[in-house]
Amino acid sequence: MLKEKAMLVKLTIHQWTGKRVDKKVSREIEQTYDAKDAGIWYKFLLHQDLIKTVQKRANKIRKFHYHNTLPWFDDGTRLLPTANFFDYRKGMSDRINEFKVVVNEIVKEYQGLKQAARERLGKMFNETDYPDRIDDKYGVDVVFLPIPDGDDFRISLEKDVMDEIRNKIRDEIEKSVERANRDLWNRLYTHVKNMAERLLDVDAKFRDSLVGNLVELCRLLPKLNITNDPELDKRTKEIYIKLCKYSPQELRDDESVRLEVGENAQEILEKLRRYVER
């Protein structure tokens, strides 16, 4: 059963933008330029270097979360196969700790940062723009939930109504599983397409990640293949053998090797196309 092979996980990241619309300044600018509904003026409440660093750390958390899970509900809940649970938990813990390091720096220096903003903003500084406790504005929540099951849905309703609800739950689960499986095919297709385009254009430059990302994906997909799709396993192995056997530098140094892998990528791309276009 699916509920024994996977769980649901929901990620929520709280972070303070450190920006605020200044309505007074916005009105003054419109008056100065004889304009109306021309826009709004944002002021930076704290130095943006720290704020941007927090945003980058938050984006790393999100990227890892999406990379290691599968789509499920539209509310952001994702599917996490149990085969990938420990790697996911370790990876998330590392990235959340990096996030907390920068947040703790902001919390520690908050009063000093406010004083610097007072001097920087001049007459635009407003004490009420700042929360009393900055630490309350940051946080990362990772919630694990069981996969719903129509058989577990027990409330007091007539049998035909309950059967209708259970069938609807099962249909939704089937659709979600299909969407999750399609997401894996799309990931493969996107990476292989990128490799084919870059390698077959002999003048195109590429980063080491062209190969590195594909290697990582080939190692991850077997853990995300919750339906045990044999075709997905077959294509993943083929991609790993044919497209990941050379290092990025070898592809750059030997044009014949580069074209060989590029042609292999193009050939595999045609095989993958039917899985993403269905």
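This note sets out numbered points on the helices, sheet, salt bridges and loops of the structure.

1. Basis of the note. The model is predicted: local features require pLDDT of at least 70, side-chain atom pairs count only at pLDDT 80 or more, and totals for chains, interfaces and linings use all residues. Residues are numbered from 1 along each chain as its sequence is written, and side-chain values use heavy atoms, with hydrogens and water left out.

2. Length of helix α4. Helices are DSSP runs of H or I with at least four residues, strands are runs of E with at least two, and both are numbered from the N terminus. The expected span of a helix is 1.5 Å times one less than its number of residues. Helix α4 covers residues 85-108, and its 24 residues should therefore span 34 Å; the end C-alpha atoms are 34 Å apart, in agreement with that value.

3. Buried face of α4. A residue is termed buried under 20% relative accessible area, exposed over 50%, and partly exposed in between, with a 1.4 Å probe and protein chains only. In α4 the buried residues are Phe-85, Tyr-88, Gly-91, Met-92, Ile-96, Phe-99, Val-102, Val-103 and Ile-106. Contact means heavy atoms within 4.5 Å. The elements against which these buried residues pack are β1 (6-14), α3 (48-67), β5 (78-81), α5 (110-121) and β6 (139-145).

4. The sheet. Two strands are taken to pair if DSSP finds at least two bridges between them. In general, strands of a sheet pair through backbone hydrogen bonds, either parallel or antiparallel. Here, four strands form an open sheet with antiparallel pairing, in the order β4-β5-β1-β6. Its edge strands, β4 (70-71) and β6, each pair on one side only. Between β4 and β5 there are two bridges, in the antiparallel sense; Pro-71 has Arg-78 of β5 as its bridge partner. Helix α3 packs on the sheet and touches β1, β5 and β6, its direction making about 165° with that of β1. For such angles, axes are lines fitted to C-alpha atoms (for helices, over the stretch in contact), and the angles run from 0 to 180 degrees between N-to-C directions.

5. A salt bridge is a side-chain nitrogen of Lys or Arg within 4 Å of a carboxyl oxygen of Asp or Glu. The structure holds 22 of these salt bridges. One of them joins Lys-60 to Glu-98, with the closest N and O atoms 2.9 Å apart. This pair links distant parts of the chain, since Lys-60 belongs to helix α3 and Glu-98 to helix α4, 38 residues apart. Lys-60 counts as partly exposed because its relative accessibility is 39%, and Glu-98 is likewise partly exposed at 28% relative accessible area.

6. Salt bridges within helices. Because Lys-193 and Glu-197 are four residues apart in helix α6 (residues 159-200), about one helical turn lies between them. Elsewhere, salt bridges with shared partners join Glu-231, Arg-235, Glu-238, Lys-242, Glu-267 and Lys-271 into one network.

7. Asn-264. Helix α10 (residues 255-276) contains Asn-264. With a relative accessible area of 17%, Asn-264 is buried. Leaving aside residues up to four places away in sequence, Asn-264 touches Lys-242 and Leu-243.

8. Positive phi values. Most residues other than glycine have a negative phi. Asp-37, which is not a glycine, has a positive phi near 50°. Asp-37 sits in the loop between α2 (23-32) and β3 (42-44) and counts as exposed because its relative accessibility is 71%. Asn-228, also not a glycine, has a positive phi of about 55°. The loop between α7 (209-224) and α8 (230-243) holds Asn-228, which is exposed at a relative accessible area of 52%.

9. Lys-36. The loop between α2 and β3 also contains Lys-36, which counts as exposed at 72% relative accessibility. From C-alpha to C-alpha, Lys-36 and Leu-121 are 25 Å apart in space, and they are 85 residues apart in sequence.
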